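Visitor: I am new to this structure. Please take one part of it and go through that part closely, strand by strand.

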Amino acid sequence: MEIGIRILIVFLVSQVVHIGAQKEGEEGCVPGFQVKEYQVEYNGGFQKDHPLTQVFFDDCAGNEGLAFEVSHPDFQVDEEMNLVARRDMMDSGTVMFIHGVNEQADDMAQVDIVGAPPRSPQTLREILGLGQIQPYRSKRALFAPRMHVNENMEPPFPKVIGTVMSPGMENDHIFHMTGSGADQDPKGVFTINRVTGEVSVSQELDREAISSYTLEVSVTDLSGKLVEGPVALLVDVNDQNDNRPIFKETRYAGEVLEGSPTGTVVMTMTAEDADDPRLQNAVLRYNIVRQSPDKPSPNMFYINPESGNIVTVISPTLLDRETLPTTQYELEIVAQDMKGRDVGLTGTATATITITDKNDHAPEFTHSLFQANVDEGSTGVAVNLTVDDRDDPATGAWRAIYSIINGDPTQNFEIQTNPDNNEGMLSVVKPLDYESVVFHTLLIKVENEDPLVPDVGYGSSSTATVHITVLDVNEGPVFFPDPLQVTKMENIPLGSFVALLNATDPDVLQSQSIRFAVLRDPANWLSVNPVRGTVNTSANLDRESPYVHDNKYTAIFMATDNGSRPASGTGTLVIHLEDYNDNAPYVHPSVVRVCEDTKDSVVIVGGRDRDIHPNAGPFKIELGKQPGLEKTWKVSRVNNTHAQIMLLQSMKRANYQLPLVVTDSGLPPLSNSTEIKVQVCTCKKNRMDCSSAGSVCSNLMMLLGLVLLSLFYAVSSGQCGNSRPVICDETYCSLLATLKRNSISHLRHQA
């Protein structure tokens, strides 16, 4: 038993030495024990806490969180990496293993105790440290230690990375390895020697693609029968610093308000590194390598090496947008891995920082006094007021708001901001009168849209005075009242007085005369005296004229002065026309229908009049004066405007002209003798048939047409009964005679 254990120990030691030698040959730092094998002399025992030997372990990342476990429970590795005994003891055994592990590395080393007697009792589990070191614990004798392989290894391949061991291995036993990286995709990355258990990598690996592999190892006999296993084999790919830091964007933009306190965070620059984040390979540090421009200081900004926050370093007084050489600064930022050490890889990006404006400058007028001349009676822009503002154009800190704070009690002026140049446009909105006020003095104030910062206020330069001089202009005469309204009776005699126009000249300082003229007289009813302004009728005033609307007639007159440049004005005359009974009434409708049966023969007609009350209704409607009408027709009053016409006896279906007399209620009243057309129709089952109720006149026309037709044939072919050409045979003459008789008979029937 003891001999087998020693053989196994020797085998393990040889594997550890083999792996250690191979790793030492790799370029750069290899995480783990830098020395894999140590020796300690046995001098009869060991004292508590007395250093026996110092081990050398480097995880290539500072050894943070490093912990050691020793296969012998009475030994430990202290903070100085010294192997010491936990107590005074004699029994140590001839060999022990030290396991070092943290997030960056996982490795084992062997310590030989030279001259020490064998430990009793001593089991294989204790020798391998399986009772203390959890990652290598197994319930089977088959042992697959965790293996490590560096990414980016250079050829030749394959390279041995470790050995799987089986104490019960016999000549007819062979090793098998399965899983992703062996017989599954990606296939063939790792292979195992069927006899020795050596595990080899067959190609270059990329940790950023696959950081670890989980395989299974088993032992079978030659027939394929499972002898041991399967057990898990973990292979970690050690990271190499082969990825540069990369910024998500090549250019970043940020802004900071002018006057911001020192230490104000402007923006954050962050990069990413695809290497193992647990190692320094992916630990980044940031640095500003260039600032453009470098005035007023080459170090206006600072970047936190770890967080990437860019903050202001320049004092608030110097961070003045209006005095800086530019409002944009460009920073070149470098991110470097390996915590910024010179061996680290770098990535670069550019940050553009804009100094934004705050309203720390009040607008100021370029002049304290502005002057302008304005023609009386005109409107529009009188003067443009200019201001200076050192703040950022096209912002609320620059845009101006003007207001009139004194000198405009009648609100003749208004001021607006020109959005293109920020000037104040002072305009006249109500015409000025030279004869009333010649000079106007306005006090104007200018402010910004945005409020000023607390320590800045508006001074005297933010107000200005404007002198407006009104220039005299020859103004046209003004009518008063306008419109002039009068009331007149229609049909007054020609030449009657209608109205007296009143117009005055606003230019009271000038002695000017006024002449009147008709400008618009739609019906040509009026005339005006050019000097006195009296309006008289030149035609009859007719209230019922289409030029009269709502009983009102409107005319426009013009008054012109005799200035050097004559000016004119217009005025309106509105004549309210009173009605005169000058229109006779009439009956509506002019055509009615009755049934030939007397019991249903009733119609309603109404009176109408172009005049208005009291010269219109009530209307009186009665039968005409022809004798005998009262035997056939009866007219009776329905209301003030309508009457009922009744057929007293049955009449044949035909058209009849019924004479009526309609009289209005004017003083004196007017009467009108008129006729309405009455169609007598056949009424059956609520249907009125008037189709054959043609007039006598139409029948006469038909008879006349037949006579003319017969004459045409008589002239063309000779008179029937005389020489009678062939075309006028007896049959034709007989037919023509029959048509004549029937037409005459029909005419008599209708009559």
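**Strands and their partners**

Guide: Strand β13, residues 190–192, pairs with β14 in the antiparallel sense, over three bridges. This is a predicted model, and the pairing described here is read from it. Phe190 has Val201 in β14 as its bridge partner. The two strands belong to a hairpin with five residues between them, and there Gly197 takes a positive phi near 85°.

Strand β14, residues 198–201, is also joined to strand β11, residues 159–163. Four bridges link β11 and β14, and the two run antiparallel. Here the bridge partner of Thr163 is Glu198 in β14.

Next comes strand β15, which covers residues 212–221. Seven of the ten residues in β15 are buried, and the strand is mostly covered. β15 pairs with strand β12, residues 173–179, in the antiparallel sense over seven bridges. In this pairing, His173 stands opposite Asp221 in β15.

β15 is also joined to strand β16, residues 226–238, by eight bridges, and these two strands run antiparallel. Ser212 stands opposite Asp236 in β16. β15 and β16 form a hairpin with four residues between them. In the turn of that hairpin, Gly224 has a positive phi of about 95°.

To go back over the two hairpins: one is made by β13 and β14, with Gly197 at a positive phi, and another by β15 and β16, with Gly224 at a positive phi.

Technical notes
Residues numbered from 1 in each chain as written. Predicted model: local features only at pLDDT ≥ 70, side-chain atom pairs only at ≥ 80, totals over all residues. Heavy atoms only, no water. Buried < 20%, exposed > 50% of the residue type's maximum accessible area, 1.4 Å probe, protein only. Pairing = 2+ DSSP bridges.
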